[in-house]
Amino acid sequence: MIMRGRLFSHLHRLPIKFFDENPVGRLVTRLTNDTAALSELFTSVIATAVSDLVLFFGILAVLLALDARLTLVLLALAPPLVGLALWFKAASQKIYRVVRVQLAKINTFLQESAQGMVVIKAFTAQSRTSARFAALGREYYATQMRLIYIFAVFRPVIDAFATAGVGLVVWYGGGQAVQGRMSLGTLVAFLIYLKMLFMPLQDLAEKFNIVQSSVVASERLFGILDTPPEDPGGGRTPEKRCGHIVFEGVSFAYEEGQQVLRDVSFEVPCGQTVALVGPTGSGKTTLTALLMRFYDLRPGNGRILVDGLPIEDWDVRELRRQFALVQQDLFVFAGTLRSNIELYHEVSEDQMAQALDVSRAQMVLTRLPDGLKHPVNERGPVLSQGERQLISFARALAPGPRVLVLDEATASVASRTE
């Protein structure tokens, strides 16, 4: 739980670019399957590994006390045993990495298919989608079988080493007993302790695959934790805040060589309404993303000022509190309508009433028996697209922002409401 909580908290501090490069299914796999694999390491392995190691070295000390020479003969099996363990470690880790990647692909495909079910049905793509999922399943199965084959070799070979150890003791110790250099009782005791010596080794071998799975899972988890969080900004805030925005010679590219904005300059005075008009792909949404520091400008590519202060000098959380963003791509969280509008802010009843009135979201509540307490599932399927857009307006207005940014936000509402 602690690791999962740390990961979830760290994800909220990562830049938007990280989420552009990592699909939702992959991140869900990290926070669920990979943390579960790491948890299994502690519950199934570490909890018993200490006692197994103590038992192993304790019995080894007893064998040395019984007959040091015979014990040293027995230790001749150690180098090939270590070599086998290193081979299994290298082979299994390589496969486990593939397994984790394939599992993330399956989860991503499941998530996309569930969210895009309307599109799949509309284009009668069920059979093709099922065939794609079956192909992913076959790849995952084939990789898991490779892992099983390797473990099917590793465990029997460990047992073979145990049998070889008994054979060595009988051969060498029996010869010593025949020559009178060792008592029969010592030989019998040695064989009994030898059997006990291999018990913790076999137990560790049984759980070695869990260790390898956890190692690969931890690599991926710490890969997220080691990702630098977004720049928190300079920590400054201007004394006077009214929403004065200036773009000066701003150029930006998501990918090197594919310029989206070129030398864009404009000014939005306090209290003014400004519309940015342009064709699809001209960079209108990019301007809002840069304004809220979802992406950072590279040095020499212009600057953006809010209330006279470059946005890099603002505390990034305080900067975003100045804005309310209503996107064309709406998102409704699972919960109630009230929790979606408040969205973890403290909103008074007067603020809520005003936001509902100005946004016309009150029209949505009138048809719902529970009003603001009405439960909604993820993405709000009980609401129409236009109703979800009105709820998003109410969400934006409820905290009382200084600047309202609308990214084609009325595309889904009726002309009269717009």
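Biologist: Is Y295 buried or exposed, and what is its relative accessibility?

Modeller: This is a predicted model, and in it Y295 has 14% relative accessibility. The cut-off for buried is under 20%, so Y295 counts as buried.

Biologist: And what about Y254?

Modeller: Y254 comes out at 37% relative accessible area, which makes this residue partly exposed.

Biologist: How do I read a pair of aromatic rings?

Modeller: You take the distance of the centres and the angle of the planes. Let's start with the count: there are ten aromatic pairs here. In one of them, F88 and F151 sit 6.0 Å centre to centre with 55° between the planes, a tilted pair.

Biologist: Where do F88 and F151 lie in the chain?

Modeller: F88 belongs to helix α5 (residues 78-115) and F151 to helix α7 (residues 126-178), so their pair ties together parts 63 residues apart in sequence. Both F88 and F151 are buried. Ring pairs also bring in F154, giving a cluster of F88, F151 and F154.

Biologist: Back to the tyrosines, then. What kind of pair do Y254 and Y295 form?

Modeller: Their ring centres are 5.2 Å apart and the planes meet at 85°, so Y254 and Y295 are edge-to-face. This pair links distant parts of the chain, 41 residues apart: Y254 is in strand β1 (residues 245-255), while Y295 is in the loop between α10 (284-291) and β3 (303-306).

Biologist: What does the radius of gyration of the protein chain look like beside that of a compact globule?

Modeller: The protein chain has 32 Å, whereas a compact globule of 418 residues would be near 22 Å. Along the principal axes, the C-alpha atoms fill a box of roughly 105 × 50 × 45 Å.

Note on methods. Residues are numbered from 1 along each chain as its sequence is written. This is a predicted model: local features need pLDDT of at least 70, side-chain atom pairs count only at pLDDT 80 or more; totals for chains, interfaces and linings use all residues. Side-chain values use heavy atoms; hydrogens and water are left out. The radius of gyration is taken over C-alpha atoms; the globule rule is 2.2 Å times the number of residues to the power 0.38. Rings of Phe, Tyr and Trp (its six-membered ring) pair if their centres lie within 6.5 Å; planes under 30 degrees apart count as stacked, over 60 as edge-to-face and the rest as tilted. Helices (H or I, at least four residues) and strands (E, at least two) are DSSP runs, numbered from the N terminus. Buried means under 20% relative accessible area, exposed over 50%, partly exposed in between (1.4 Å probe, protein chains only).
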